[in-house]
Amino acid sequence: KKLNSISGFTLSTIYELRDTIWAMNKSEITFEDLKVRISNFIEKANLSAHNTLFNFEVEKNLENEKAFTSVEGMNIYRIIQEAVNNAIKYANAKHINVAFLKSLDNMDISVKDDGIGFDIDNTEFGNGLNNIQKRAKDLNANVEFISSPTSGTEILVKKPI
């Protein structure tokens, strides 16, 4: 049991290291590069979360957006990764939707689930939600946590474009 735990941790660490190397080896990350990377992550999440259906959508008018710095691309990717992992671990969600949408002068990044939700006012944020807040701040973006018991959760990042 302990070896399985160590093996899982090691594998997870290797994937995270590969993701970091992917971002750091580029001077910029195109929207298409980021989209492919997120799609691959969602496919892996779909394999591990057998009772959850995933949807990934990108609004058409965002597809030609500017490239991101490697740090911006990595922060966006990690926010999505953390939000999806939280939904899988804690929400008991049947559906998880990841979306890139355009609103006014922002690119909205939404990770929304139909899980059990939580009371934001009476929940102490753990490392995952605190990391999302920090990464959003590093992106010069605003982040909203929208949730209440039984109504699911949405993590909405509004990044100026």
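I take helix axes as lines fitted to C-alpha atoms over the stretch in contact, with angles running from 0 to 180 degrees between N-to-C directions. Helices are DSSP runs of H or I with at least four residues, strands runs of E with at least two, numbered from the N terminus.

The model is predicted: local features need pLDDT of at least 70, side-chain atom pairs count only at pLDDT 80 or more, and totals for chains, interfaces and linings use all residues. Residues are numbered from 1 along each chain as its sequence is written, and side-chain values use heavy atoms, with hydrogens and water left out.

Entry 1, helix pair. I looked up α2 and helix α3 (residues 70–91): their axes come within 11 Å and cross at roughly 20 degrees. I therefore note α2 and α3 as roughly parallel to each other (angles under 35 degrees). On the α2 side, the contact (heavy atoms within 4.5 Å) is made by L34, R37, I38, F41 and A45. The α3 side has G73, I76, Y77, I80, Q81, V84, N85 and I88.

I find I42 in helix α2 (residues 31–48). I42 is buried at a relative accessible area of 7% (buried is under 20%, with a 1.4 Å probe and protein chains only). Leaving out residues up to four places away in sequence, I42 touches F54, F56 and V98. I also read 8.6 Å between the C-alpha atoms of I42 and Q81, which are 39 residues apart along the chain.

Definitions and conventions:
Buried means under 20% relative accessible area, exposed over 50%, partly exposed in between (1.4 Å probe, protein chains only). Angles under 35 degrees count as roughly parallel, over 145 as roughly antiparallel, 65 to 115 as roughly perpendicular and the rest as oblique.
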